[in-house]
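Open the structure in your viewer and keep the selection panel at hand. Each stop below says what to pick and what is there.

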Amino acid sequence: MRCDEIQERFIELLYDEPAVVSNDSVLKEHVNSCASCRRELEELRNTRRVLRLWQDEKPLRPLTILRTQKVSHHALGNAWQLVRFGAIAALVLLSILALANTRLTWNERGLSFSTRLFSGGNSSTDYYTKAEVRDILKRSLDDSEARMYETNSLMIQEALEIMEKEQYSYFRLASAKTNQRQNVN
Amino acid sequence: MAHQEAVVSRFLNGDDDAFDLLVEQWDKKIYNLAWRFLGNREDAQDVVQETFLSVYKSIRTLREPRSFATWLYRIALNHCRSRWRKQGSDLSLDEAISTDSRDGEEGTRLQLIGESKRDLLEVVDIIQKALMGISEEHRTAILLKEYMGLSLEEVAGIMECPLSTAKSRLYHGLREAQRNLKRLGVR
């Protein structure tokens, strides 16, 4: 094997891990016999030692902002849930109102609200029966007929009075002329 | 591990207190992962914040409580990557070397390692710059293996690649780190 191929496998010699550790005798024999590869391996070991001089340190500060963000995240989630529940509730309410044949009225006396949801359907008192309709029509016809007769009789009576007055005035005129002729004779 | 799974299960079942326990268990690890990935403490703190907020919002998408660690690391690394790309990975290694070349004496830093706390801080600064000069994938493999202490199988799981790919990324990452450290005067 060439040196560069051997060096690509140095990880197997640098780390004592079951998953990567090498039992390959070719690799170990090459490193033992090749000064260049041995030096390269030693330099990598030294590099690891140097790198490990960089020790861990504590974070600059505790995650205080995270708590407020957590709360706001919660609050946003709750607000969103409230909006969702509100929308569903409004939809259900509107459906009930529509099914209940709700009547909303706004006038000078204010807002009034009526529904027939629990009235058990339309009451029979809300509608006229056929007999009642016939009776109402008959009464209204009778009423109008009576009014017509009354009007006609009034008009006839008035006409008769006029005619009587005119006859009387002709009679008086004629008798006056007769008296005038007798006086002349 | 069983305790961690139990806490995750509690949180999955709607126990908000369990979330606080998860934060206690993981915030230091995620902070250090992000700090090493981004090279900036403030950005790392922001990544911790974003990561746990993502966890809180999308915990319902986690099917298996035992996969929580892998899932959490993926979320954290996604936030790290997006932040890294947003800031345009501003500091190249050449810039790092030029800003760091005030000492001018190569080879002196190796002697500094492990000597005093102040020197250690300087070495950490050099390591940070060396890691920043490595590609994202190679750096991720190094961070998960060397600093998070995960097995290579776990690294492969988090990076969603075969084990052989994870090994290759780690090897090439170490080689790049080695080269960068040399350029920065650590031999």
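**Stop one: a helix crossing in chain B**

Select helix α8 (residues 136-147) and helix α10 (residues 163-183), both of chain B: their axes come within 8 Å and cross at roughly 95 degrees. An angle from 65 to 115 degrees counts as roughly perpendicular, and α8(B) is therefore roughly perpendicular to α10(B). This is a predicted model.

Now show the side chains. From α8(B), pick B:Glu137, B:His138, B:Arg139, B:Ala141, B:Ile142 and B:Lys145. They meet B:Ala166, B:Arg169, B:Leu170, B:His172, B:Gly173, B:Leu174, B:Glu176 and B:Ala177 of α10(B). Color the residues of this contact by class: six are nonpolar, three polar and five charged.

**Stop two: where the chains touch**

Display both chains. Chain B puts 32 residues into the contact, and chain A puts in 28 residues. On the chain B side, select α2 (16-38), α3 (41-58), α7 (117-132), α9 (152-159) and α10; each supplies at least two residues. By class, that side of chain B has 19 nonpolar, five polar and eight charged residues.

**Stop three: one helix of chain A**

Select helix α4 (residues 35-51) of chain A. Its 17 residues should span 24 Å at 1.5 Å a residue, and the end C-alpha atoms agree, lying 24 Å apart.

Which residues of α4(A) are buried? Pick A:Leu44, A:Thr47, A:Val50 and A:Leu51. Look down the axis of α4(A): these buried residues fall within an arc of 120 degrees, so they line one face of the helix. Then turn to the face away from the buried side, which carries the exposed residues A:Ala35, A:Arg39, A:Glu42 and A:Arg49.

Technical notes
Residues are numbered from 1 along each chain as its sequence is written. Chains are lettered from A and ligands numbered from 1 in the order in which they are written. This is a predicted model: local features need pLDDT of at least 70, side-chain atom pairs count only at pLDDT 80 or more; totals for chains, interfaces and linings use all residues. Axes are lines fitted to C-alpha atoms, for helices over the stretch in contact, and angles run from 0 to 180 degrees between N-to-C directions. Helices (H or I, at least four residues) and strands (E, at least two) are DSSP runs, numbered from the N terminus. Angles under 35 degrees count as roughly parallel, over 145 as roughly antiparallel, 65 to 115 as roughly perpendicular and the rest as oblique. Two residues are in contact if their C-beta atoms, placed from the backbone, lie within 7 Å. Ala, Val, Leu, Ile, Met, Phe, Trp, Tyr, Cys and Pro count as nonpolar, Asp, Glu, Lys and Arg as charged, and the others, Gly among them, as polar. The expected span of a helix is 1.5 Å times one less than its number of residues. A residue is buried if 20 or more other C-beta atoms lie within 10 Å of its own, exposed if 12 or fewer, and partly exposed in between; C-beta atoms are placed from the backbone. The arc is that of the directions from the helix axis to the C-beta atoms.
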